[in-house]
Each structure stands twice: as C-alpha cells, then as structure tokens.
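Look at the sequence and the 3D structure below.

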Amino acid sequence: MSAAPLLEVRGLRKHFPLRSGVLQRTHAWVRAVDGVSFDVYPAETLGIVGESGCGKSTLARLILRLIEPDAGSVRFAGEDVRGASADRMKRLRRDMQLVFQDPHASLNPRLTIEDAVAFSLLVHGTSRAVARERARALLGRVGLEARLYGRRYPHELSGGQRQRVNIARALVLDPRLLVLDEPASALDKSVQAQVLNLLADLKAERALTYVFISHDLNVIEYVSSRVLVMYLGEIVETGTADALAQAPKHPYTQALFASAPSLDPDRRLERPPLSGDPPNPIDPPSGCRFRTRCAFAMPRCAETPPALRAVGEAHDVACYLYEREAIVGAPTG
Amino acid sequence: MAVTTALPRDLDAAGATPISYWRTVAWRLARDPATLVAGALLGLIVLSALLAPWLAPYDPNAGSIRLRLAPVGAPAHVLGTDEQGRDMLSRLLWGGRMTLVAVSGALGPGLPNTLISLSIVFVPRVVRVAESATVQVKSLEYIAAARASGAGVPAIVRHHLLANVLGPILVFASTQVSLSIILAAGLSFLGLGVTPPAAEWGLMLNTLRQSIYVNALVPALPGLAIFVTSMAFNLLSDGLRDAMEIRT
C-alpha cells in the first residue's frame with residue numbers, strides 16, 4: 001500500500017486508574033490500551049479482533065478522542081487529532097464517526113429517529129429543513145422509509161432497525177472514516193448479515209474507510225481486508241485477512257481461528273484450544289502477556305515483551321517463536 | 001412538495017406517535033382523568049390559598065363566643081365555626097396558605113424562614129436524585145454519540161440530557177411536596193409548628209380535637225383538607241410519571 005494512510009495511530013496508551021477509599025487514592029491501573037500503533041489506508045476495512053476486555057472499545061474511543069489518551073498520537077489525514085483545538089476538533093468530527101455496539105443505549109429514547117439523525121447536522125449549523133430532509137433521505141437509504149419510521153421513537157423499533165438508525169446517524173455528516181464498534185454483535189444472526197451487507201454496500205457507495213471492531217472472527221474475516229489481533233491492550237499480530245486465515249502465526253491468533261465454529265467436521269476440535277479467561281488487565285503478566293495461556297511459552301517470554309516483527313509481506317507478529325524467521329526475512333539481516 | 005403534503009396522512013396510517021416528546025407527554029396527560037382532576041384540584045387549592053385574603057369572608061383570627069362550634073351550613077358561616085367561634089372557611093383558606101409553604105410552619109411564618117427551611121430539608125434530596133439520574137444518563141452511549149458528532153455541552157444538555165433526567169426529578173419532587181405537607185401538618189398538630197392563633201390545618205385539627213363530640217363534622221374539615229391536598233399531589237406525581245415514561 002503506497003497511498004498515504006488516512007489514519008495513523010502511534011504508541012497509543014490509556015491506563016484507567018482504579019480508585020478506592022475516602023481519599024479516592026489510585027491503587028491500581030487498568031492497562032486498557034498499551035502502546036498500540038497501526039495505519040489505516042483509504043478505502044480499506046481494518047478489522048480489529050480480540051476477546052472481551054482486550055481494549056478494543058477503548059481503542060475506538062481513543063481514535064475518536066472521546067477519551068483522552070495518556071500517550072501516543074492519532075493523526076487523521078495528516079492532521080494531529082490529539083492536539084486539535086476545539087474548533088478544529090469539531091470539524092474533524094465530521095470526518096470520523098463511530099457506530100456503537102449497543103443499539104438500545106445508543107439512541108436517545110426521547111428523540112424520534114428522524115430528530116436523532118438530524119441532530120448531528122444541526123450541531124454543524126445546517127438549517128432545520130435541510131437537516132430533516134437529509135436525515136429522511138438517509139433513513140430511506142438504510143432501509144427505514146422515513147414516511148413510516150421517521151417519527152417513531154427508538155423503543156418502537158427492533159434491534160436491527162435501531163442499528164440502522166445508528167449507521168444513518170454516523171453517515172449523515174458524510175464522514176470519511178467510520179469506526180464500527182461491534183456493530184452487529186448484539187443482533188440476531190439473520191439481522192447481523194443484513195447489517196453487514198448494508199455496511200458493505202454503503203462503503204462501496206460512499207468510498208468509506210472502515211475500522212471494524214469485533215470479537216467474532218467469522219465476521220472480521222468476512223468484512224476486513226486487513227486484520228489486527230489484540231490481546232490485553234496490545235497488538236499481537238497484523239496481516240491481511242487471507243494471510244491470517246491461512247497461516248496464523250501467533251499462538252493466540254491460531255487459537256482464535258481454531259476456536260471459531262466450523263461446519264467442516266475435519267476442522268472441528270476435540271478440546272478447546274484456549275482455556276481460562278484472559279488475565280486481569282490490572283496486573284498483566286510480565287513479558288509476553290499471552291504466555292500464561294500459551295502452549296509454547298519459553299522462559300524468555302516472561303522477561304521482555306516481544307516486539308512486532310515482519311514474518312511476511314504486511315504480516316507482523318509479536319512472538320519469539322518467529323524471531324529466527326524474522327531475521328532471515330528482514331532486509332538488513 | 002408532494003411528499004410533505006402527504007406526510008400527515010401517512011403518519012396517521014402508520015399509527016406514529018406525535019412529534020415532540022413533550023407534546024407526547026401533554027397528549028397522554030390530557031387522556032388521564034385522575035391526573036387531570038388531581039391537577040385541577042391542586043390548582044384550586046393553591047389558588048384559594050394564594051387568594052385567601054380576598055376570598056375569606058371573615059378575619060381568620062377574630063371569633064365570637066356566641067357563635068362557638070356552629071355546624072356546617074350555619075347561616076353566615078358556610079363551613080361552621082371553631083371552638084372559639086372563628087369562621088372555619090376563612091381559617092381553612094388561610095391555613096392552606098400556611099400548609100402549602102410546608103415546613104415553614106416548623107420555623108414560624110415569614111418568607112426568609114420558609115425559603116431557608118425548604119432549602120435545607122428538600123434541596124439536598126432533590127439534588128441527590130438529580131445527580132444520580134444525570135450520572136446514569138451521562139454514561140449512556142447516545143451521549144457519547146452526540147459528542148462524537150461534535151456537539152458542545154449546552155446542546156447535549158438541552159437535547160439529550162434534560163428530557164431524560166427531568167422526568168425522575170419532577171416525579172420525585174412532587175412526592176416530596178406531599179410528604180412535606182403531612183410533615184408540616186403533623187408538626188403543628190403536636191404543637192411544634194405555628195403558634196396559635198395562626199390558622200394552620202394541623203394546628204386546627206389539634207385544637208378542634210376536643211370538640212369532636214359536640215360537632216363531628218367541623219373538626220374533620222382540616223383533616224379532610226390535608227388528606228385531599230396530599231392525595232392530589234400523589235395522584236399528580238403518579239400521573240406525571242406515567243405520562244413521562246418511555247420504554248427504552
């Protein structure tokens with residue numbers, strides 16, 4: 001990919017303090033996102049996959065600066081998002097939008113869906129009439145005929161319909177980048193497919209770039225061109241969707257693929273590839289954070305965390321198992 | 001435009017709800033007779049309390065020994081007289097004034113005292129409810145979505161926060177009012193409130209207590225007034241809560 005990246009994320013870090021006692025003293029930190037770097041290129045779909053609690057949603061909010069990072073930078077189309085002034089930020093927000101996971105909590109119960117979609121435009125100074133017109137057009141585009149649905153309240157809609165409203169709300173500002181935080185996870189399988197197809201159509205129509213976050217590997221494989229695998233706030237592997245599906249390198253990625261349900265009896269497993277819950281992000285293991293659940297853990301895994309190394313074209317992995325391979329493949333030797 | 005003119009009919013056909021949230025609330029209230037009656041009654045009570053100096057036919061504190069405990073419907077005293085021969089209608093009207101400023105009874109009459117006592121007793125509770133409602137709503141994703149769309153704090157408060165927080169606060173505040181009425185009446189019944197001869201429903205109930213065997217109806221009047229007023233507040237807050245409820 002030679003084009004300039006649309007989104008550049010460098011060393012992004014967010015640790016949440018855990019406070020307790022009368023004085024609200026910080027006694028521990030949750031390392032939600034710990035030194036994450038990646039690029040998103042125009043018109044691609046970058047899938048971010050990982051178990052619950054690995055920092056995916058925090059990452060989404062950090063990208064959009066809904067929460068402030070502790071360290072690192074986010075650049076959108078070459079512009080520094082983290083250091084943007086309030087004015088500049090308001091304009092940047094038109095270009096980056098977020099679709100939320102929970103279709104129930106993400107719509108104001110006291111606004112009709114037409115008003116909910118039009119609100120974003122009103123914020124940016126569009127006249128009421130124009131905002132309403134565009135909201136109605138967009139609702140029609142996502143399959144909610146405005147004449148029938150526009151004046152309804154969220155509680156009168158199904159989960160899938162609400163998620164369509166969320167998508168319309170995110171698109172009404174004509175963004176270039178859409179961050180989708182588990183957009184289909186709360187929906188039934190059949191509705192999920194409809195929403196995913198709608199997203200694919202919209203992407204093609206509007207030349208959108210997606211950052212697609214999900215815990216569901218099947219969904220990620222289906223929608224993404226490139227995939228980023230997260231474990232406890234860190235990236236463990238990145239690569240094209242095909243490369244990851246065919247030759248996953250990191251033991252965690254391998255386990256993820258192995259645990260994805262398959263209709264092929266030959267691919268079924270007798271025992272679960274991964275056992276136990278991920279360790280607590282409050283006090284993650286030293287060195288490689290995956291080592292406590294890894295079948296190939298070596299003594300050195302506990303010492304220093306492995307860095308991301310290239311193991312193929314646009315395929316990086318953070319694991320000592322591939323160190324030799326990486327050195328062979330690296331240009332300088 | 002053809003589309004716009006066709007709109008209302010299509011909306012009716014689809015059974016869509018009215019346009020804005022507050023209009024929905026008003027629409028529901030208008031179809032709830034119990035709440036309407038409670039509201040009207042309350043309005044009447046408040047109005048008559050406010051207008052007591054003009055409505056009351058007699059001085060509430062001036063009695064005549066000759067006319068003690070006149071029954072309800074007595075000539076010149078529609079609601080009878082109390083144990084000191086004071087006109088009950090006038091005293092009830094003036095008493096409503098006192099009771100409606102609620103806790104002021106505990107500190108003695110006067111506007112500053114009323115304000116101070118009301119603030120001390122009720123503001124913290126209402127603020128606490130408002131705070132917890134706000135914290136809960138603030139963390140919801142639609143607030144984050146509004147921020148992501150570039151909305152500033154005033155716009156978010158106006159369009160997203162207030163409508164979702166005001167309902168619980170209003171309902172809670174109205175239950176507190178009926179509570180405070182009973183509280184104030186109870187205090188003055190025990191002699192901790194206003195000093196005689198001031199007219200106050202709780203105090204009237206106490207002083208007329210001994211006359212219950214002479215004339216049962218007259219002593220019941222202030223009790224009835226307390227009961228009706230606080231019931232009206234309760235019914236109104238119930239109705240408000242129902243009208244403001246939107247399933248999420």
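**A helix pair in chain B**

In α9(B), B:G167, B:L170, B:V171, B:S174, B:T175, B:V177, B:S178, B:I181, B:I182 and B:A185 meet residues of α11(B), namely B:I226, B:T229, B:S230, B:F233, B:N234, B:L236, B:S237, B:L240, B:R241 and B:M244. Contact means that two C-beta atoms, placed from the backbone, lie within 7 Å. The contact of α9(B) with α11(B) has eleven nonpolar, eight polar and one charged residue. Here Ala, Val, Leu, Ile, Met, Phe, Trp, Tyr, Cys and Pro count as nonpolar, Asp, Glu, Lys and Arg as charged, and the others, Gly among them, as polar.

The axes of α9(B) and α11(B) come within 9 Å and cross at roughly 170 degrees. Axes are lines fitted to C-alpha atoms over the stretch in contact, with angles from 0 to 180 degrees between N-to-C directions. The two helices are therefore roughly antiparallel (over 145 degrees).

This is a predicted model: local features need pLDDT of at least 70, side-chain atom pairs count only at pLDDT 80 or more, and totals for chains, interfaces and linings use all residues. Residues are numbered from 1 along each chain as its sequence is written, while chains are lettered from A and ligands numbered from 1 in the order in which they are written.

**A buried helix in chain A**

Ten of the eleven residues of α3(A) are buried, so this helix is largely enclosed by the rest of the structure. Buried means that 20 or more other C-beta atoms lie within 10 Å of a residue's own. A:V117 and A:F119 are among the buried residues. The buried residues of α3(A) pack against elements of both chains, including α4 of chain A and α9 of chain B. After α3(A) comes A:G125, with a positive phi near 85 degrees.

**Where the chains meet**

28 residues of chain A are in contact with 27 residues of chain B. The side of chain A that touches chain B has twelve nonpolar, seven polar and nine charged residues.

**The sheet**

Four strands of chain A form an open antiparallel sheet in the order β2-β1-β4-β5. Strands pair if DSSP finds at least two bridges between them. β1(A) and β2(A) pair over twelve bridges. A:V9 stands opposite A:F38 in β2(A).

**Elements and their residues**

| Element | Residues |
|---|---|
| α3 of chain A | residues 113-123 |
| β1 of chain A | residues 7-20 |
| α11 of chain B | residues 217-244 |

Helices (H or I, at least four residues) and strands (E, at least two) are DSSP runs, numbered from the N terminus.

Terms used: Buried ≥ 20, exposed ≤ 12 C-beta atoms within 10 Å, placed from the backbone. Parallel < 35°, antiparallel > 145°, perpendicular 65-115°, else oblique.
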